[in-house]
Amino acid sequence: MLLIIPGALLGLNLLQAGQTELLFDEAYYWYYAQHPAWGYFDHPPMVAWMITLGGLLFKAELGTRLIACLMGIGTLALIWSMIGHPKKKEYIPQISVWLLSIVLLHAYGFLSLPDTPLIFFTALFLWVYRKFLDRPGGLTALGLGLTMAALMYSKYHGALVILFVLFSNLSLLKNRWAWLALGISLLAYAPHLNWLYQQDFISVEYHLFERPNQPYSFTKFTLGYLVNLLALFGLTFPLVYWGLWRYKPADQWGKALRTLTWGILIFFFISSLQRRVQTQWLIAVCIPAAIIIGNQLLENATMRKWIVRAGIANLLILGYLRIWLVVPAALPLYFETHGNKNWVAEVDTVADGAKVIFENSYRQAAMYQFYSGNPSYSLNNAFYRKNQYSIDNSEAVFQGERVFLSLTGPLPETPFAYKNGKGDTKYGQFIEALNSYRQLKAGVIHERNTASEIDGIKAGEIARFWVLNTYDQPVSLGDLQFGIAYMDAYKKTEQIQPLKPVLPDAAGAQLQPGDTLYFGFSLPEQWAEDQAYLRAVLRQKELPWGLNGDPQELIRD
């Protein structure tokens with residue numbers, strides 16, 4: 001039975017992986033994998049590496065998810081090995097029900113998302129850490145260092161796992177083998193750190209300072225966080241949190257499990273007082289919780305009985321939802337794994353041979369490319385956010401080409417329409433020759449200082465607008481329009497003020513590769529009440545304003 005259960009689950013996950021259409025995020029990470037790199041705009045590269053490796057063995061959805069399926073089984077095997085109770089082999093069915101009923105462990109058993117390697121390497125890190133506590137030395141330090149690097153290559157949240165384990169045992173700061181492990185991890189992680197440096201730490205800047213936010217809402221933020229706590233474990237949640245609360249660790253290993261669990265829960269509770277917390281951000285909690293509760297249910301017959309009953313109910317619900325992922329008729333609700341092949345085919349029919357790009361949708365661009373086999377692109381504008389399409393060279397494929405642009409927002413109807421997966425009508429337009437310069441960099445500096453960009457902008461001053469040509473060919477200044485996007489305190493663009501600079505010989509002037517253009521303009525005498533940031537933006541002819549500059553804070557006297 002010890003091999004039958006994981007073997008059957010692996011078979012089920014492989015079948016599910018091959019028969020379920022991709023999530024939009026999975027398609028986006030598949031797009032990552034088409035461009036090998038040491039990093040990507042939103043995440044470190046582990047998820048792309050997984051998809052690349054799986055794609056060498058299988059195509060389509062199964063290839064995209066193959067390594068995720070193997071990691072899912074590996075995670076459960078590691079948890080099993082860390083449940084150290086001597087009676088565990090007597091209760092294999094009960095422990096299996098408990099582990100398989102954990103909602104997110106179930107879901108990330110076959111989905112190719114950054115959280116899949118995060119939980120696998122969290123489990124592996126804890127497994128190696130226990131070995132390290134028993135026998136610190138060069139070999140266990142090597143394993144600890146490599147697993148720490150793997151955690152960070154999976155998702156930046158891996159830092160929380162490492163830090164909370166450290167907080168549980170501060171004597172590690174005096175342990176030479178722990179320092180060796182840290183050195184190994186930094187050495188292994190150096191390529192990604194170098195990538196971040198080469199990209200001006202764009203990922204860190206986005207996640208810490210530019211990620212879209214909104215005013216505090218108890219319902220959306222804190223209450224939403226509390227609901228997420230329930231969603232982690234489904235119907236077993238009362239028993240799980242009761243068990244976690246009463247858990248008293250007997251050694252450093254147990255302290256690591258407790259500190260990691262409560263550290264993450266408290267950290268994201270505090271975060272919920274400022275921003276919305278997504279359920280998957282809490283997923284690392286599932287590993288120590290699975291070990292703690294797994295040991296407790298072996299000692300407590302009453303807890304075991306109720307965990308199994310609630311766990312079976314979880315499994316029935318999760319089983320039905322897994323069917324629904326493949327068979328939309330199982331529930332009268334739309335989900336993003338439904339209808340993607342159909343809408344992609346419809347778009348191809350409407351495009352009639354033109355290349356297809358999407359306004360403000362990295363998700364649709366990636367999904368279209370996956371199912372059509374044709375390249376696509378997300379044309380991000382000043383009312384959206386940056387993403388991988390903002391920093392790679394995907395734009396080059398479409399320069400000068402006839403394209404069909406799928407539009408977003410409340411725009412007037414056009415003769416060119418298709419229905420998306422939800423059945424909503426989406427409109428588009430044809431552009432006969434696309435000229436897009438989304439990778440031109442721009443910003444605002446003081447008139448008195450052209451050497452560097454400033455963070456704070458004062459009203460009523462003379463400022464200078466600068467544009468850097470990052471392309472390897474000249475850009476005609478006559479093709480460009482210049483503007484300032486004003487944003488609120490949550491960096492949502494509220495309005496765009498066009499600028500009309502006087503440029504020399506504007507009809508034929510060109511900005512050469514690597515050159516920077518400067519021109520002066522007057523800032524408003526005072527900022528509007530809702531304005532907190534500005535961004536330098538550019539546009540080309542019929543295209544919307546781009547995301548060329550970074551947000552710069554407006555200073556109020």
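Modeller: This is a predicted model. Helix 7 passes helix 9 in a right-handed crossing.

Biologist: How is a pair of packed helices described?

Modeller: Two packed helices are described by the angle between their axes and by the distance between those axes. Here helix 7 (residues 115-134) and helix 9 (residues 158-167) pack at an angle of about 20 degrees, with axes 10 Å apart. Angles under 35 degrees count as roughly parallel, and helix 7 and helix 9 are therefore roughly parallel to each other. On helix 7 the contact is made by L118, T122, F125, L126 and Y129, and on helix 9 by G158, V161, I162 and V165. By class, that contact of helix 7 with helix 9 has 7 nonpolar, 2 polar and no charged residues.

Biologist: At what angle do helix 4 and helix 5 pack?

Modeller: Helix 4 (residues 60-82) and helix 5 (residues 92-100) pack at about 130 degrees, with their axes 11 Å apart. That makes helix 4 oblique to helix 5. Their crossing is right-handed. L76, I79 and W80 of helix 4 meet I92, I95, L99 and L100 of helix 5. The contact of helix 4 with helix 5 has 7 nonpolar residues, no polar and no charged ones.

Biologist: Now the side chain. Is N548 buried or exposed?

Modeller: Buried means under 20% relative accessible area. N548 has 6%, so N548 is buried. N548 is found in the loop between strand 14 (533-540) and strand 15 (552-555).

Biologist: Which backbone oxygen lies 2.9 Å from a polar atom of the N548 side chain?

Modeller: That of L440. Beyond its neighbours within four places in sequence, N548 is in contact with residues including Y437, R438, A536 and V537.

Definitions and conventions: Residues are numbered from 1 along each chain as its sequence is written. This is a predicted model: local features need pLDDT of at least 70, side-chain atom pairs count only at pLDDT 80 or more; totals for chains, interfaces and linings use all residues. Side-chain values use heavy atoms; hydrogens and water are left out. Axes are lines fitted to C-alpha atoms, for helices over the stretch in contact, and angles run from 0 to 180 degrees between N-to-C directions. Helices (H or I, at least four residues) and strands (E, at least two) are DSSP runs, numbered from the N terminus. Angles under 35 degrees count as roughly parallel, over 145 as roughly antiparallel, 65 to 115 as roughly perpendicular and the rest as oblique. A crossing is left-handed if the near helix is turned anticlockwise from the far one by less than a right angle, and right-handed if clockwise. Contact means heavy atoms within 4.5 Å. Ala, Val, Leu, Ile, Met, Phe, Trp, Tyr, Cys and Pro count as nonpolar, Asp, Glu, Lys and Arg as charged, and the others, Gly among them, as polar. Buried means under 20% relative accessible area, exposed over 50%, partly exposed in between (1.4 Å probe, protein chains only). A polar contact is a pair of N or O atoms within 3.5 Å; within protein, one must be able to donate a hydrogen and the other to accept it, and residues adjacent in sequence count only if both atoms are side-chain atoms.
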